[in-house]
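Opening the notebook on a new model.

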Amino acid sequence: MKVYELEKRKFVIAALATIIVVVYIVRLFVLQIMSDDYKKNADSNAFFKKIEYPSRGVVTDRNGQLLVFNQPSYDIMVVMKEAKGRIDTADFCKTLGITKEFFIQRMNNIKDRSKNPGYSQYTQQLFMRQLSDKEFSVFNEKIFRYPGFYITRRSIRRYKYPYAAHVLGDVAEVSPADIEEDDYYIPGDYIGKLGIERSYETELRGEKGVKILLRDASGKIQGSYRNGEFDKKSIPGKNLTLSLDVRLQALGERLMEGKVGSIVAIEPSTGQVLCMVSSPTFDPRKMTGRNRWTVMKKLSQDPNTPMLNRSIMGQYPPGSTFKTSQALTFLQEGIVNQHTLYPCTHGFYYRGLHVGCHSHGAPLPVVPALSTSCNSYFCWGLYYMIGNRKKYKNVQQAMDTWRDYMVSMGFGYRLGIDLPGEKRGLIPNAKYYDKAYRGSWNGLTVISISIGQGEVNLTPLQIANLGATIANRGYYYTPHLVREIEGGEIDKKYSERHYTKAGREAYELVVQGMRSSALGGTCRMLGASNLEMCGKTGTAQNKGKDHSVFMGFAPMSSPKIAVAVYVENGGWGATYGVPIGGLIMEQYINGCLSESSEVKASEIQSRHLISVTPDQLFKNELGDDSVRVKKPLPADSLKVKKQTAKPKQ
């Protein structure tokens, strides 16, 4: 009689043995065929792949002035498998001038995959970055004592001038997110973090090279593998030529010293940005080396927020500079013509609503309304547009028509400048007001938008672009900062014209109004110049002191520059906006300031609306006399008459 229990056990044992064998076979197949881990380890023991880092592309201004360049630097790299327990830690630390605690912490951080996701004990890991020439020389003499440690030659960024920090940006070590996003990078690499360095990272960084070196059984380098047959040379990054004029940038930063705000200048015929000033600013030369994070922390704690690029991130009420866009809309829509008169008795009065205005002749048509910056004229224009039931079936259609004009002029959305972080501002539409007022609103409800107040917000870049559009009589190019890429082309979108909804005839009338303003209106101090300047002031209401705003261009007949100036809490547009804008236009067109203008520039420079931060004390520490600015004259060198009336311009 058979013992069935024994038979069952045989089958069970055989099945288990078969399963175990199959598991081992599958595992061996995965390890040896499907996975290259062992191959990598074997290669790591036999070969040493030394990365050759490319030099980063240099940056110059539109006139060939060097702005950003490279300087040799040295990083200490470690291969943990080779270094383990084989060095004199005390001697190592003494050579580099570091503590034993720092050494232990750094080695632990390298092995911590949460902090160093690309860690491998067989590949080079960054131990210490950016040694100076002196530190390199001392360490290099003794490197044979420290197996597993290597020196990699790098280049670090240097900024020639203390200008254009927000435009140029900076370079720093990659973050885990950078590595995850682009497999070009490994821990210890550098990447553009801000400004042009960030926007044009792929063009500037170049391509890495590699040298494959052969090692013996003890890990010592024996030389190139097969005479460098498989080596790959690094390819340098591409050089960039910016549209900035460093002399103009220097003047702009000088004029904004001790103030909060922005200056943006654009070449109307190309959309190229000639200067972009955001104040307070900081010295880009301090944002390099191992102290970068210390400087970053200090700047981030400054209550004046010097890290904020107000030119593209500041969202402000444009004030009366916005009246030019209203005139264009009303003219094109047929709400007014060049002869339409509106009354002004120190402001707009209707059904108990009052919007104040300064004293001037009235009633008046559109050209003198722009010249004198009449609030009442543009309030009446918007009121009649929003309430026109012959042309628009309801208030919503009228409002959205108005909004479409504003969007066509570059408002309400990002313009698309080649810098990271640009904000869009705000242009309200019918849905916005339907939600805010539950569908019950009219032209009087939103009347303040006609004079650049209320819900309307623009960036200084958008205000400057408005000036460029008027200068071109109806179109603009997307503003951009890179003029030329070595061996490449700039994006085609920067050479495309964007036409607005207003026609040339409407623009010609607005140009007349802005020229009239310079000759005898609110910008009358520009009239003394022979450069045929056109301008529009703005005094943007604020919870505190009003903001001083200006938008203009020159010359009127063949514009070369359009400029916007925004000085927070600067008061009337004529106090800071107009004189600063006039000096910027004069400097760019003539290449220098006249003697009297230099006196005016020094006087403006000396007027501080905020305390100067330590990072602004470098303004006269230039490395090139060709762009050196003069020291400011005493504060009382030029008397300015106090104005007795406060026009809402």
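**Ground rules.** I'm working with a predicted model, where local features need pLDDT of at least 70 and side-chain atom pairs pLDDT 80 or more, while totals for chains, interfaces and linings use all residues. Numbering runs from 1 along each chain as its sequence is written, and side-chain values use heavy atoms, with hydrogens and water left out.

**Cavities.** I looked for sets of points on a 1 Å grid over the protein atoms alone where a 1.4 Å probe fits but cannot get out. I found two of 30 Å³ or more, a volume being the space filled by probe spheres set on the points, which are joined across faces, edges and corners.

**Largest cavity.** Its volume is about 410 Å³. I listed 26 lining residues (an atom within 4 Å of a point), and R154, S155, V171, D189 and Y190 are the closest to the centre. The lining splits into ten nonpolar, five polar and eleven charged residues (Asp, Glu, Lys and Arg count as charged; Ala, Val, Leu, Ile, Met, Phe, Trp, Tyr, Cys and Pro as nonpolar; the others, Gly among them, as polar). Strand β5 (149-159) gives the most, four residues (strands are DSSP E runs of at least two, helices H or I runs of at least four, numbered from the N terminus).

**Second largest cavity.** I get about 70 Å³ here. Its lining includes D61, Y159, K160 and L244, and divides into eight nonpolar, one polar and three charged residues.

How values were computed: 1 Å grid on protein atoms, 1.4 Å probe; cavity = no way out; pocket = protein on both sides within 12 Å on 5 of 7 lines; lining within 4 Å.
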